[in-house]
Structures are given as C-alpha cells and as structure tokens.
Amino acid sequence: MPATGDGRAPGAADLPGAHDGARVGHARSHATTGPATATPPIPHPRSRAAHASHPSHVPDPSGPPAADGPADGGPLRLLVIEDDASDAQLIKAAVADSGASIEIHWARGLDQATELLAPPAPWARRGRSRTPEFGCVLLDLAAPADLPHPSDASDGLEGLHELLRRAPHTPVVVLTDAAGAELGAAAVAAGAQDFLLKHETDGPLLARALRYAVERKRADESQRRLVEAELRGQENARLQRHLLPTPLLDGAGLSFTRRYRPGRRRALLGGDFYDAVRTDDGAVHVVIGDVCGHGPDEAALGVALRIAWRTLVFAGLTGEALLTTLQHVLEHERRSDEIFATLCMLVIEPGGTGSDLDSLGAGERARLYLAGHPAPLLLGRDHEPVSLPADLAGPALGLLPCHDGQAAWPAHEVELRPGWRLLLYTDGLIEGRVGAGSRRLGQDGLADLVGDHQAAGLTRGRLVDSAIAEVEELNGGALTDDVAVLLLERNPVQLILG
C-alpha cells in the first residue's frame, strides 16, 4: 500500500482530534471516533471478512526476516500493535506529519499481529504473489499480550517477550507513557531496538526512531551472523587439525619434521596428505601424496586415502598390492573419473638403526614407489642433494585401470648410507615461479636451493622453513598450490670416547 504525497496511507482518514503535529497519546481523552467508512483508516485484520473485503491492506508475508527493511526501496511497512483506536489514529497522524514514506498496518493484539508477521505455510505459498515483509513493529506496552499462560511474576514486558519469541528477526520499537520510562529502558535491555514516550513523541521523532530501529536490527543481525561464522570457522579448524596425521614412529630412531600449507585461504587442510608409521616387524613406512585440485572435496579425499593407506599398512599390505587397493579406494571415493592422486611411498627395512656397535657405519636399504609423484631428495653429509631415481615410476593413482595390468608400480631399491636424510615433498613446492618470467623452480632448482641452506649449517625444522621461505620469495608471494614437506633422517649416535 504505497503512501500518499503527505506520507499518509491511502484510505486512512483523519479522526476528530487527530491533527497535524499531534503527539502520540496527547488526545486520548478527547479523541472521538468518526463515522464508519467503507475503508477503515488503518487496516485491521479482525476477521476473515476483513481479510476478504480489504485484501490490499492485509498482506501475506513470506520470505526472509524483515530486519533489512524494504528490499525495493519502497515505503517502510510498519505494524502497529495498539488496542486503542484513538491512539492508533494519533500514530497515523504523527507518521503523516513526519513526511516519511511509511505504510501503516494495525493489529489490536499480539495474536492478530502474529498472523501478519508469521510466514504462510509452505502449501499456502504455491501460486501466491510474494508480499513485502514488515520492516518494523511499533508495540504499545499497554496492549494486551494475549498470552495463553501469563506469568505470575509480571514485569510489564510479557507482550514484548512473546513478540520477540514469535518474530525474532523483526525490529521492535515500544511505546510507553511518561511514568514508564524505566520500563522502556528495560524493554530495550530485553531485546527491543528503541522505546518512545507517548506524550513526548512527534512525527519526526517517531520516523527517526523507526529508521534507527531498522538499522540497529540490521547491525545486530550482521553481528550475529559474524559470530556464527566465527564459531563455525573455529569448529572447522578443530576438525581439520584433528584430520592431520600423528606419525607413529616410536622406537624407529628417526627424526621426522613436517610442514603443511594448504593453498586455500583460511583452510588448514588441502588435497595433499602424508603419514609415517612403524610396523611390528620394525619397518618404517612413509607416504606423501597429492590429490588434484584444491577444494574441500579434494581435502576430504586426501584424508580418506591417508586413513586407508595406514589401515592397509597395519593390515600387512605393501608395495604394488597396497597401491592397487588404494587406487580402488580412490575410484570409489572420487566425485568424478577425472580425479587422480600422485603418491610417493617409502619402506625402510629394519636393521641398521645404529643402536649397537655392530651397526655403526652400516647402511640401510629402502624400497621406493612412485605413482606420478616427484622423487625425494637424498641429503647426504658429504654431497649435494640429489633426487632419487624415478625411472621405475608408475602412473598416478586413478589414471589407468589396474585390472588389465596397465597400472604398475615397481619398487626401486635405494641404499641409504649412514647420516642419511630424505626430503619428501609435493609438487606445490617446485611449481612456483622464479622471478617475473614463466620459469618454474623445478626439482633441480629445489636441490640447489636446499643444498645452499644445508651448506649454511641449517638442519631439521630450520632447514625446511628457510627453504620454503626462499621458494616463496622467488615466487614473489605465497604459493597458490598445497604444499607438504617431510624431512626424515636417521638420528645420529652420540659417542663418548674415554
């Protein structure tokens, strides 16, 4: 119902005693009710007949909460809950005096107001036009609350409490008399956006209070959504942290350093995954992998593959049998046939742990399996870092079927001399750019870079952190791909010579 040029709702005629500039509640004792007209001054949904006779005045609200006000820039739709018709007319006159574009609807009590505030049932929405929501509610605290079970300990705010319960997303301004200023302040503390004293409220003040109430409610809703988003973010962070693995290497005599950086902003988990466990036979199993893509689906798939890998290792599988089974897991868990995962797996055979004199100076042997993944760097104490051989590498998991023998991942035997260190990583670390051109760092560039940091005396976490920092510096900023880096090394034996 658009407002007229003077700010009054169509069909809302002045009553005797309701004049321009009137204050709300001033003329309650001498305002009289004029003759009945075909169109009531303020729409009033008293009965089904009123709904049928004045369909344009009785809306059918639906859709999202009303705190945002008119979505199309039209008049503010105000619902007045007032049991006294003369006071309702004074409110209408004050609105007209303000010149504000406000469309007034009237309800004598809370039950009638709820019919207008509540969205229709889903079945009732079909085939019906969408009616704008109410932008604000003006509640006279003296209006009947229509409570089914009134409280014995009355605080004068029963109607407000019930209104906030039934329409929690609609801004509310309350009206009270001069003696009820403290009650108005209590109403604001209880959830109303503002309160007005009837005998001190004129049109401009009323319009300003309504406008501010809408803005305060919008700010409150924004703050609530922000808090909810922060809580969800904290829950997601805790969940993602718990999905990162805890290596099980007790008794292995190895030092294990890992760094993990998802490419997605505000994420703790990406498509990269890693794990390391020691089985009962003394063998150490290490894996690092990368699911193509960067979204939450890829992160979830990476977690599934890591958990499946650990389970298969403890079940006794290794080598090609393990990788074949892991590909079957990938094929069943991925959301499309184009999803694949690269993987590097290392099995360090038991023995040569340096725990006794017979093993001092003895080397160790390991089996390396590559499925479309970069080969690890071997960091010796007496030579520059070198990439382990990748000539026996097989395809990435999920690219070729296993049943016809196209996918094969043979083992490459690796000899690890005393004092060995192995750097395993995902391709996010080597695909960063070098300078402003298109040249990528690559495996050779990473080997040179790590060698320089190793020659400077950096070890373990400092070595890994400084290498990643320089890679990002060469790239001109943070790396956009997920990055996982593992540094596995045999703990040196401390000798005491007497």
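## A first look at this predicted protein chain

Welcome: the protein chain you see above holds 11 helices and 15 strands, where helices (H or I, at least four residues) and strands (E, at least two) are DSSP runs numbered from the N terminus. This is a predicted model, in which local features need pLDDT of at least 70 and side-chain atom pairs count only at pLDDT 80 or more, while totals for chains, interfaces and linings use all residues. Residues are numbered from 1 along each chain as its sequence is written, and side-chain values use heavy atoms, with hydrogens and water left out.

**The chain as a whole**

- Of the chain's 498 residues, 49% count as buried; buried means under 20% relative accessible area, exposed means over 50%, and partly exposed lies in between (1.4 Å probe, protein chains only).
- The accessible surface of the protein chain is about 24,000 Å², and 53% of this surface belongs to carbon and sulfur atoms. Accessible areas come from the Shrake-Rupley method with a 1.4 Å probe, and for residues only the protein chains shown count as cover.
- Take the contacts (heavy atoms within 4.5 Å) between residues at least 6 apart in sequence: 72% of them join residues at least 24 apart.

**Salt bridges**

- Side chains of opposite charge can pair when their charged atoms come close.
- A salt bridge here is a side-chain nitrogen of Lys or Arg within 4 Å of a carboxyl oxygen of Asp or Glu, and by this rule the count comes to 19.
- R259 pairs with D465 in a salt bridge, with the closest N and O atoms 2.6 Å apart. R259 belongs to strand β6 and D465 to helix α11 (residues 460–475), so this pair ties together parts that are 206 residues apart in sequence. R259 is partly exposed at 27% relative accessibility, and D465 is also partly exposed, at 32%.
- E472 and R261 meet through their side chains in a salt bridge of 2.8 Å, N to O. Because E472 lies in helix α11 and R261 in strand β6, the pair ties together parts that are 211 residues apart in sequence. Both count as partly exposed, with a relative accessible area of 22% for E472 and 36% for R261.
- D275 and R306 form a salt bridge too, their closest N and O atoms being 3.4 Å apart. With D275 in strand β7 and R306 in helix α8 (residues 296–314), the pair links distant parts of the chain, 31 residues apart. Both of these residues are buried.

**A patch of negative charge**

- On the surface, E384, D444, D448 and D452 gather in a patch of negative charge. Such a patch is made of residues with over 30% relative accessible area and no salt bridge, with like charges joined within 9 Å.
- Asp and Glu count as negative, Lys and Arg as positive, and His and the chain ends are not counted. The place of a charge is taken as NZ of Lys, CZ of Arg, CG of Asp or CD of Glu.
- D448 sits in helix α10 (residues 442–455) and is exposed, with a relative accessible area of 51%.

**Around G263**

- G263 lies in the loop between β6 (254–261) and β7 (272–278), and is partly exposed, with a relative accessible area of 25%.
- Leaving out residues up to four places away in sequence, G263 touches T480, D481 and D482.
- G263 and G295 are 32 residues apart in sequence and 9.1 Å apart in space, C-alpha to C-alpha.

Notes. Patches are made of residues with over 30% relative accessible area and no salt bridge: like charges are joined within 9 Å, nonpolar side chains (Val, Leu, Ile, Met, Phe, Trp, Tyr) within 5 Å.
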